[in-house]
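Biologist: I have some questions about the labels on this model. Please set each value against its cut-off.

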Amino acid sequence: MISVSNVSMRYGSKVLIEDVSTTFIPGRRYGLTGPNGAGKSTFMKILTGELDAQKGVVVRPKKLGILRQDQFAYDAFRVIDTVIMGNAPLWAALSERDHIYEKPEMTDADGMRLGELEGVIGDEDGYSAESDAAILLQGLDIHDELHERKMSELQGGQKVRVLLAQALFGKPQALLLDEPTNHLDLDSIHWLQDFLANYEGTLITISHDRHFLNSVTTHTADIDYQTIITYTGGYDEMVMQKTQIRSRLESENAQRDKKIAQLNEFIARFAAGTRSTQVTSRRKEVERLQTNDLARSNIARPFIKFDQVRPSGKHVLEFKDLNKSYGEQQVLENFTAKVLRGEKICLMGRNGQGKTTVLKSLLSNYPGLRDPEYKLDSGEVIWGHEAQVGYFPQDIGSQIEHGLTVADWLHQFAPQAHFEDIRGILGQMLFTGEEGKKPTKALSGGEQARLVFCKLILTKPNFLIFDEPTNHLDLEAINALNIALQRYEGTVLLVTHDHDLIDEVATRLWHFEEHGIEDFQGPYAEWKGKHN
């Protein structure tokens with residue numbers, strides 16, 4: 001069990017949470033939700049002990065599984081050892097035992113201590129530790145040949161998966177996971193969902209993956225109105241309950257306002273007359289009915305709508321025999337396909353199997369969007385008549401020039417647009433008030449993503465290419481993107497591991513496998529039915 005009592009946290013004048021008291025119960029799996037900036041990660045750090053609350057008390061179990069954010073902290077250790085470190089008592093016992101065995105001569109005290117250490121190791125399932133750690137790593141797509149490597153030899157995404165395995169290792173009483181699906185492909189996400197669904201301790205997780213939250217969580221702890229309200233059910237159920245509660249309160253307040261207006265009208269008419277007793281009575285009734293303003297929710301919903309200046313031709317893209325290798329690794333081999341206007345193709349599969357490579361290959365001869373450092377080995381790419389491409393790369397920061405304000409950066413893509421049009425589009429993506437004057441250099445990852453969406457809304461391309469667009473978005477923005485892509489009449493290529501985006505947007509799938517790419521003509525539900 002994890003409990004917090006009267007916890008408060010603020011930064012300057014901004015209050016994140018105020019006098020929050022709540023309990024997270026064993027056997028329940030909580031999604032910690034709230035928009036960007038609401039304080040989710042700050043509250044998670046308070047729960048883990050990484051950050052002290054400015055006020056209040058936190059009670060934690062002895063054995064916590066925490067997803068560490070520092071990818072470089074374990075660079076000197078083997079991958080398998082990094083996972084075992086998730087069980088601190090076991091790792092301490094193993095390390096001390098090894099130290100004693102390394103001594104040239106052991107004393108009687110050493111022998112006694114070894115006996116104690118072996119007891120700890122047995123109690124903590126230490127004799128199966130390496131095999132247990134290996135099972136976790138395999139589920140997260142860290143293959144056996146990497147288990148003996150140093151962490152410093154792994155790529156960033158692989159390190160994150162090892163640190164996730166570390167958090168899951170050793171049967172912790174509580175699991176605290178901040179964005180556990182980041183850097184996971186769809187297969188790994190499904191494996192993690194199954195693992196957590198069978199977890200018996202207390203789980204608290206932050207995620208911007210709606211399907212993950214709906215699949216895993218039994219309760220939702222929502223940070224809003226500077227407090228935490230716990231709802232029964234997953235994310236969608238929370239949104240429904242929250243909307244119903246607020247609608248009811250707004251309706252009750254409207255009825256009270258109407259009643260107050262009627263009473264005030266009576267008071268104004270008869271205050272100077274002979275009906276003073278009735279006027280006094282109505283004044284007391286007004287005081288009783290006087291409503292407090294509803295607390296303002298900090299949820300901000302962007303509005304995304306992609307239009308086209310003009311449609312493309314029917315045959316919007318054709319490519320033949322694409323080949324690309326990185327050293328000895330053949331990533332693309334004779335990949336050939338045609339894309340028709342209006343198709344929405346999701347590229348899915350394990351990380352590192354060539355999804356981003358395909359996008360770079362298709363853009364390799366498109367003016368203004370090709371990567372100058374990327375060269376296709378062989379193959380032909382033919383763009384159709386009137387194809388106008390809008391591109392959202394993984395590295396969105398590379399698209400945004402520094403030395404400009406947000407509004408000036410956006411305006412350069414449509415110099416003829418009026419300032420009011422620019423301000424309107426920025427407002428759609430939650431750049432309100434003076435935020436249009438913010439320097440592009442000062443933008444966060446989420447703000448950079450929203451600004452690139454502004455560019456796509458402004459320029460109105462008829463072919464949208466997205467490479468992992470959800471990485472820096474909160475749930476509200478991802479839901480808005482999902483709806484916008486469903487309604488978009490142009491053509492879409494989308495790399496994502498977001499289950500709902502794939503399920504609800506895709507009309508066709510390119511599934512990347514170890515030995516090639518399956519071109520499936522149909523939605524995800526049909527593909528899944530075929531492969532189950």
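Biologist: Why is Glu 447 called buried?
Modeller: Its relative accessible area is 12%. Buried means under 20%, exposed over 50%, and partly exposed in between, with a 1.4 Å probe and protein chains only. So Glu 447 counts as buried.

Biologist: What kind of model is this, and how are the residues numbered?
Modeller: It is a predicted model, where local features need pLDDT of at least 70, side-chain atom pairs count only at pLDDT 80 or more, and totals for chains, interfaces and linings use all residues. Residues are numbered from 1 along each chain as its sequence is written, and side-chain values use heavy atoms, with hydrogens and water left out.

Biologist: What makes Glu 447 and Lys 438 a salt bridge?
Modeller: The closest N and O atoms are 2.8 Å apart. A salt bridge is a side-chain nitrogen of Lys or Arg within 4 Å of a carboxyl oxygen of Asp or Glu, so the pair qualifies. Lys 438 is partly exposed, at 25% relative accessibility.

Biologist: How many salt bridges does this rule give?
Modeller: The count comes to 30. One of them joins Glu 118 and Arg 97, with the closest N and O atoms 3.5 Å apart. That pair links distant parts of the chain: Glu 118 is in helix H4 (residues 108-123) and Arg 97 in helix H3 (residues 88-101), 21 residues apart. Helices are DSSP runs of H or I with at least four residues, strands are runs of E with at least two, and both are numbered from the N terminus.

Biologist: Are Glu 118 and Arg 97 buried or partly exposed?
Modeller: Glu 118 has 23% relative accessibility, so it counts as partly exposed. Arg 97 has 17%, so it is buried.

Biologist: How do you know that Asp 187 and Arg 350 form a salt bridge?
Modeller: Their side chains meet at 3.7 Å, N to O. Asp 187 lies in helix H7 (residues 186-197), and Arg 350 in the loop between strand S12 (344-349) and helix H11 (355-362), so the pair ties together parts that are 163 residues apart in sequence. At 43% relative accessibility, Asp 187 is partly exposed.

Biologist: Why are H5 and H7 called oblique?
Modeller: The axes of helix H5 (residues 129-139) and H7 come within 9 Å and cross at roughly 135°. Axes are lines fitted to C-alpha atoms, for helices over the stretch in contact, and angles run from 0 to 180 degrees between N-to-C directions. Under 35 degrees is roughly parallel, over 145 roughly antiparallel, 65 to 115 roughly perpendicular, and the rest oblique. H5 and H7 are therefore oblique to each other.

Biologist: Which residues make the contact between H5 and H7?
Modeller: Contact means heavy atoms within 4.5 Å. H5 contributes Ile 135, Leu 136 and Gly 139, and H7 contributes Ser 188, Trp 191 and Phe 195. They divide into 4 nonpolar, 2 polar and no charged. Here Ala, Val, Leu, Ile, Met, Phe, Trp, Tyr, Cys and Pro count as nonpolar, Asp, Glu, Lys and Arg as charged, and the others, Gly among them, as polar.

Biologist: What makes H1 mostly covered?
Modeller: Of its 9 residues, 7 are buried. Among them are Phe 43, Met 44 and Thr 48.

Biologist: Why is Thr 48 called buried?
Modeller: Its relative accessible area is 16%, so the label applies. Thr 48 is in helix H1 (residues 40-48). Not counting residues up to four places away in sequence, Thr 48 touches Arg 60, Leu 64, Ile 66 and Leu 176. A polar atom of the Thr 48 side chain lies 3.3 Å from the backbone nitrogen of Glu 50.

Biologist: Where is Asp 125, and what is its phi?
Modeller: Asp 125 is in the loop between H4 and H5. Its phi is positive, near 60°. With a relative accessible area of 35%, Asp 125 is partly exposed.

Terms used:
Polar contact = N/O pair within 3.5 Å; in protein donor to acceptor, adjacent residues only side chain to side chain.
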